[in-house]
Amino acid sequence: MKIRVFDTPDEAGVYVAAIAEQVVSGCPQSVLGLATGSTPIPFYRALVRLVQCGLNVHEVTTVNLDEYVGLPPDHPQSYRYFMEHHLFRHIPIDVDKIHIPYGTAADLDAECARYDQVVADYPADLQILGIGLNGHIGFNEPSAFLDTKTHVVELTKKTILHNSDAFGDPALVPTHAITMGLQGILQARQIVMMAFGEEKSQVVAQALQGEVRTDLPASILHLHHDVTWVLDRAAARMLPLHLGDTEA
Ligand code: PGA
């Protein structure tokens, strides 16, 4: 496991975009596992710049982690819309190579099964993650039991409150989401976990230093052989100075 601490999220985003460039340059048909939320925005900004500077992503496939149940793709708070806004509309990517769960599918069980097939067909060469204040990854919320497969999850109050900024009112945040399960996340060849800001410092320290726990889903990353934690100074504030690179 590697930990890299940057002065600002923008610097961190440039670093993660360079990792993505290395992956895509090595294999133009790479699969990028992508995340939403405020955390990956500096990464998308830097990636768009790299594409404008000549990085070729024509053959890249993308597989997103999750989507709100009940929001259509053109809803401004849907994750599909988020991805269009921050990445897809700025780069020449084939729409058929973009994968995000459909939050408005009539049969959500069938949609979960369909998405598990997508996840099986396109294992990520690089998986980008953010961490929830409660330690969730994707929308795998803390629980006594963690699902390996794509599933519908009831969002916790903490997640709804954290995500309510974009909606303007917690009552407007969907109560459920479809999320890739832990198997899909852990099958990635390489994982980059990003976290920024003081409010993430405690959960980052818990996930990095503690044991693997289902009530802290990000701690499961201890089981993966190639994880890089990319932090800003505020998010790294509670980490002991000696914490450096370790073998998984
Ligand atoms: P955030 O969300 O980037 O908006 O803090 C991260 C997450 O919930 O994974």
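The model is a predicted one, and its chain forms seven helices and 10 strands. Along the principal axes, the C-alpha trace spans about 50 × 45 × 35 Å. A compact globule of 248 residues would have a radius of gyration near 18 Å, and the 17 Å found for the protein agrees with that expectation. Buried residues account for 52% of the 248 residues, and among contacts between residues at least 6 apart in sequence, 79% join residues at least 24 apart.

The protein exposes about 11,200 Å², of which carbon and sulfur atoms supply 53%. Its side chains include 16 positive and 30 negative ones, and the centres of these two sets lie 5 Å apart.

Helix α3, which runs over residues 79-86, has Tyr79, Arg80, Phe82 and Met83 as its buried residues. These four lie on the same side of α3, because they cover an arc of only 160 degrees around the axis. An α-helix has 3.6 residues a turn, so residues three or four places apart point the same way. The partners against which the buried residues of α3 pack comprise the strands β2 (31-34), β3 (61-64), β4 (66-68) and β5 (98-99), together with the helices α2 (41-52) and α5 (157-167).

Two residues, Pro123 and Asp109, can be set side by side. Pro123 is found in the loop that joins α4 (108-121) to β6 (126-130), whereas Asp109 lies within helix α4 itself.

| Residue | Relative accessible area | State |
|---|---|---|
| Pro123 | 36% | partly exposed |
| Asp109 | 63% | exposed |

Why is Asp109 classed as exposed? Asp109 has a relative accessible area of 63%, and the class of exposed residues begins over 50%.

Pro123 and Thr61 are separated by 62 residues in sequence, with their C-alpha atoms 10.0 Å apart in space. When residues up to four places away in sequence are not counted, Pro123 touches Val31 and Gln187. For Asp109 and Ala35, the separation is 74 residues in sequence and 22 Å in space, again from C-alpha to C-alpha.

Methods:
Residues are numbered from 1 along each chain as its sequence is written. This is a predicted model: local features need pLDDT of at least 70, side-chain atom pairs count only at pLDDT 80 or more; totals for chains, interfaces and linings use all residues. Side-chain values use heavy atoms; hydrogens and water are left out. Buried means under 20% relative accessible area, exposed over 50%, partly exposed in between (1.4 Å probe, protein chains only). The arc is that of the directions from the helix axis to the C-beta atoms. Contact means heavy atoms within 4.5 Å. The radius of gyration is taken over C-alpha atoms; the globule rule is 2.2 Å times the number of residues to the power 0.38. Accessible areas come from the Shrake-Rupley method with a 1.4 Å probe; for residues, only the protein chains shown count as cover. Lys and Arg count as positive and Asp and Glu as negative; His and the chain ends are not counted. The place of a charge is taken as NZ of Lys, CZ of Arg, CG of Asp or CD of Glu.
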